[in-house]
Amino acid sequence: MSSPSAETAARFAQAALGHVAREYPNKLDHVMAGDADALGPRALHPIFFGSFDWHSCVHGYWTLATILRLHPQIAEAGAIRALFDDAFTAEKVAAEVAYLARPESRGFERPYGWAWLLKLQAELLGHDAPWAAAMQPLADAFVARYRAFLPIADYPIRAGVHSNTAFALALAADYADATGDADFRAMLAAKAAAWYGQDRACQAWEPSGDDFLSSALVEALAMRRLHPDSFAEWFAAFLPDLSDRRPATLFTPPSVSDRTDGKIAHLDGLSLSRAWCWRAVAKDAPPALAAVATAAADLHLATALPHVTGDYMGEHWLASFALLAMLEG
């Protein structure tokens, strides 16, 4: 599967249109300096106030932008364009940038939201519309944050949740490639090498109870994105027993006991992110190992795909990860 069908795209678009402008419930990442900062989501973030949290709203917009490019004739296309015309304006972007300029916002959405904003901008650059031009100041602000943060980040974060640094490098690399920013890409590549270049024989201690990223496989994805020439050799040492389907946990989709619980529902995202990563690494693997990786990807995707919509705790974000996996095929 290389891209979603028109039917699947419409289902994802309907879900995203139902949550990117839905203000509540909402989980803010907001440090307050005083009573005047006690504001609601829309007042703080005139674009990304929906989808339960800021980062999910950003990648909900990415889902819509990607679907619009892939299937511009679906019935939802007009609503997507109207939403974007209303959201991506100079005034609203300036307000999002101003929020970042607060001293209290230094750690805002680091690094997951940073990565998704750049991924969204990379997608908007491919549309014949004024949206990317309007959004460029916000993208520039997040590139500046990467440039300030990476030199002082001595250690990676290997958790299977938002703080994961390999995920942040991988998506930022997509933006660097889309914009031709060789200096930014070189900075990302240097940090990937410093953080992960000597990793060997990964034990893959996953899943944890609320993982939505495979800490092992997303690291491999980042190294593949940023060090393609040396990736095959690095990967063979990083996961040396994959031909024997070990570590076994990477081949077994996680159990999801309660999809109404927002943290437990993360585990559907783990299946989708594994499918994405497995498909990516399969492209550079020897044929036998590629077949093993592809089979693992297909199993994980088939396990989670039926649950992308249905309950808001998953529905407000899972389509983005399903789309990442589909597009990697």
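Is the crossing of H10 and H12 left-handed or right-handed?

Guide: Happy to. The crossing of H10 and H12 is left-handed (the near helix is turned anticlockwise from the far one by less than a right angle; clockwise would be right-handed). Before the details, please keep in mind that this is a predicted model, in which local features need pLDDT of at least 70 and side-chain atom pairs count only at pLDDT 80 or more, while totals for chains, interfaces and linings use all residues. Residues are numbered from 1 along each chain as its sequence is written, and side-chain values use heavy atoms, with hydrogens and water left out.

Helix H10 covers residues 215–226 and helix H12 covers residues 266–282 (helices are DSSP runs of H or I with at least four residues, strands are E runs of at least two, numbered from the N terminus). Their axes lie 9 Å apart, at an angle of about 40° (lines fitted to C-alpha atoms over the stretch in contact, with angles from 0 to 180 degrees between N-to-C directions). That makes H10 oblique to H12 (under 35 degrees is roughly parallel, over 145 roughly antiparallel, 65 to 115 roughly perpendicular, the rest oblique).

On the H10 side, the contact is made by Leu 217, Val 218, Ala 220, Leu 221, Arg 224 and Arg 225 (contact means heavy atoms within 4.5 Å). H12 contributes Arg 274, Trp 276, Cys 277, Trp 278, Ala 280 and Val 281. By class, the contact of H10 with H12 has nine nonpolar, no polar and three charged residues (Ala, Val, Leu, Ile, Met, Phe, Trp, Tyr, Cys and Pro are nonpolar, Asp, Glu, Lys and Arg charged, the others, Gly among them, polar).

Setting aside neighbours within four places in sequence, Arg 225 touches Ala 170, Ala 173, Asp 174, Arg 185, Trp 276 and Glu 328. One of these, Trp 276, is also among the H12 residues of the helix contact.

Now for the loops beside these helices. In the loop between H11 (231–238) and H12 sits Gly 262, which counts as partly exposed at 23% relative accessibility. The C-alpha atom of Gly 262 is 8.6 Å from that of Asp 210, although the two residues are 52 apart along the chain. The loop between H9 (182–196) and H10 holds Pro 207, and the peptide bond from Glu 206 to Pro 207 is cis, with omega near 5°. Ala 204 belongs to the loop between H9 and H10 as well; its phi is near 55°, a positive value in a residue other than glycine. Ala 204 counts as buried, at 6% relative accessibility.

Finally, let's step back to the whole chain. The protein has 15 helices and zero strands, and its C-alpha atoms fill a box of roughly 55 × 45 × 40 Å along the principal axes. Of its 329 residues, 57% count as buried. Among contacts with a separation of 6 or more, 76% come from residues 24 or more positions apart.

Conventions
Buried means under 20% relative accessible area, exposed over 50%, partly exposed in between (1.4 Å probe, protein chains only).
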